[in-house]
Structures are given as structure tokens and as C-alpha cells.
Amino acid sequence: MTFITRFAPSPTGPMHLGHAYSAMLAYYISQENDGDFYLRIEDLDQSRAKIQWEEQIYEDLSWLGIKWNKTVLRQSERLELYFTEMLKKAENFGLFICRCSRGDIASITSAPHGADGLVYPGTCRNGKHSFSTEMRKNPDLLQSNIRMHPMLDKTSFNFQENIFRKSEPAFTFSEFKKSIGDVVLWRRGYAAYHLASVIDDAHQGVTDVIRGEDLFEATKIHVVIQNVLELPTPKYHHHRLILDEAGHRLAKRSDAQSIKTYRALGYTPEDIRELLGLV
């Protein structure tokens with residue numbers, strides 16, 4: 001089986017050192033294993049995605065010496081596929097339409113924080129908005145918020161982690177429902193990140209996902225979705241985060257840490273690799 005990794009940035013701002021670190025790790029590891037490296041543009045947030053940021057991604061990656069498979073997958077062009085795949089497993093997902101706003105959920109003081117934000121208290125789960133076969137014909141469905149309350153026979157899950165952590169994390173289904181809850185799969189006309197990412201990884205045959213440790217808990221969501229959709233689970237490897245001088249995670253709004261800024265200051269790709277500890 002071919003070893004396949006990917007880099008999946010969102011074109012909502014400039015690439016910073018953290019993005020460069022993740023992209024270079026995924027690329028180098030694929031090369032070390034005689035594998036393939038894919039680039040995916042996660043542009044589901046159309047209110048923030050800009051073509052100039054997408055073009056900057058291509059330019060920065062090329063400057064860093066990263067070469068990707070010529071086919072670049074863009075998520076905004078695959079919405080019908082995501083929706084269709086979700087509906088195929090509607091019963092196993094335990095889909096239901098949710099009318100709650102973030103403010104509604106935040107107003108419930110007992111709602112704890114989880115991997116996907118505030119853990120949803122189940123307000124709409126058993127109400128009149130419960131998903132049904134008839135609702136598939138409702139044109140308003142595409143513009144709804146749809147959550148999952150999955151129905152699976154498995155009681156526990158695990159995913160391999162053998163590059164950075166050297167372990168095989170495991171979690172139970174009951175823990176997942178308590179600490180993460182009813183995750184949004186579809187948000188008013190667009191697939192949620194978790195659903196789209198899982199479907200695209202399977203479509204591209206990704207065998208190993210290289211990403212930051214801040215997504216470790218989100219990986220549990222992806223593993224559950226893979227089980228519902230009966231898709232293979234790649235190996236997940238969560239690398240350290242690149243932090244700023246104050247010890248905070250880098251953000252796209254901080255242009256001082258962008259690759260474009262470093263290039264303008266005269267840095268070379270070798271300088272960036274050294275700065276990130278990749279030499």
C-alpha cells in the first residue's frame with residue numbers, strides 16, 4: 001500500500017510558521033517512505049476564504065520546496081458529495097436538525113467544554129426536529145444545522161500513533177458521548193470540517209495524517225465518523241505546536257509570523273527549516 005500524507009490548509013489568512021512545520025513534516029515523512037503528498041484546500045468557510053490566500057498557499061509551499069500531487073482537492077466543490085454520504089448513514093449517525101444557536105448553548109451554565117466547543121446538551125435531539133426519512137425531501141434541510149448522535153455497536157475505539165507519541169490511544173464510546181457529544185456535521189449549506197475531512201481522507205487514500213497536537217481530541221470525532229461511514233482509519237500522528245515568544249499558539253492574524261513576512265525579510269527555506277528544528 002502506498003504511503004500517503006496530506007496538508008489541508010484553509011485559505012483564510014497567511015500561512016505562518018506552524019503551518020509550514022506541519023506541511024514540511026507531512027511532506028518529508030511521505031518522501032522518506034517513498035509515498036505521495038497531497039494538497040487539499042479546506043475552503044468551506046466561504047465568508048472568510050479568499051482566492052488571494054489560496055494563491056499565497058501555493059506560492060509559500062513552492063518556495064519551501066514542497067511538491068504535491070498535481071490534483072488539488074477543493075472542498076467547496078464537493079458539497080453535494082458530503083451531503084449525500086452523510087444521508088446514506090442517517091440512521092447510524094442518529095441525525096437530527098438543531099435550531100440552537102451558540103448563544104443558546106452557552107446560556108446553559110452546565111454545558112461543559114469539549115473537543116468541539118461547548119458540549120451540546122441535547123435540546124433538539126428528541127424533539128420535533130428529529131431527523132426522519134421524509135425530511136430528506138425537504139429543501140430546507142440543506143440550510144439547516146444537522147447534528148449526529150451516533151448509533152454504533154462498538155464500545156471502544158483506538159487509533160495508531162507511532163511517530164511522535166509511540167502509543168495507541170483508546171477511548172470508549174460512552175466517554176465520547178459525554179465529553180464531546182452531538183457534533184455538528186452540516187452547518188447551513190456547508191459540510192462541517194469533521195465530516196468533510198474524513199470523507200476526503202478516504203477519497204484520497206490517505207494512510208497517515210500528520211497534524212498538530214491541538215487536534216488530538218478532534219481525532220476522536222473523526223474516528224467515530226469513520227466507523228459510522230465504514231471507512232478506514234488512517235494512522236494519526238500529532239506533532240508539537242509552534243508557539244510565539246509569549247508561548248501562545250500562532251494565529252493567522254499575526255502577520256509577523258507569516259511565511260510571506262519571513263521571505264520579505266530575506267530568510268531562505270533553509271533558514272525556516274533551521275528555525276523550526278527540521279535540520
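**Ground rules.** I number residues from 1 along each chain as its sequence is written, and side-chain values use heavy atoms, with hydrogens and water left out. Since the model is predicted, local features need pLDDT of at least 70 and side-chain atom pairs count only at pLDDT 80 or more, while totals for chains, interfaces and linings use all residues.

**Overall.** I looked up the secondary structure and got 10 helices and 13 strands (DSSP runs numbered from the N terminus: H or I of at least four residues for helices, E of at least two for strands). The radius of gyration is 20 Å, close to the 19 Å from the globule rule for 279 residues, so the chain is as compact as a globular protein of that length (C-alpha atoms; the rule is 2.2 Å times the number of residues to the power 0.38). Of the 279 residues, 49% count as buried (under 20% relative accessible area; exposed is over 50%, partly exposed in between; 1.4 Å probe, protein chains only).

**Sheet.** I traced an open sheet of 3 strands, order β1-β2-β3, with parallel pairing (strands pair if DSSP finds at least two bridges between them). β1 (4-7) and β3 (73-74) are the edge strands with a single partner each, so one side of each has no neighbour in the sheet. β2 (residues 36-41) meets β3 over 2 bridges, and Ile41 has Arg74 as its bridge partner in β3.

**Salt bridges.** I count 16 (a side-chain nitrogen of Lys or Arg within 4 Å of a carboxyl oxygen of Asp or Glu). In helix α8 (residues 216-229), Lys220 and Glu217 sit 3 residues apart, about one turn, and their side chains meet at 3.0 Å, N to O. Lys220 is buried at 17%, whereas Glu217 is partly exposed at 32%. In helix α10, Glu270 and Arg273 are also 3 residues apart, with an N to O distance of 2.9 Å. Arg273 counts as buried at 18%; Glu270 is partly exposed at 39%. I also noted a network linking Arg6, Arg40, Glu42, Arg78, Asp200 and Asp201.

**Patch.** Leu265, Tyr267 and Leu275 make a nonpolar surface patch with about 300 Å² of accessible area together (Shrake-Rupley, 1.4 Å probe; for residues, only the protein chains shown count as cover). Patch residues have over 30% relative accessible area and no salt bridge; like charges are joined within 9 Å, nonpolar side chains (Val, Leu, Ile, Met, Phe, Trp, Tyr) within 5 Å. Leu265 lies in the loop between α9 (259-264) and α10 (269-275) and is exposed at 62%.
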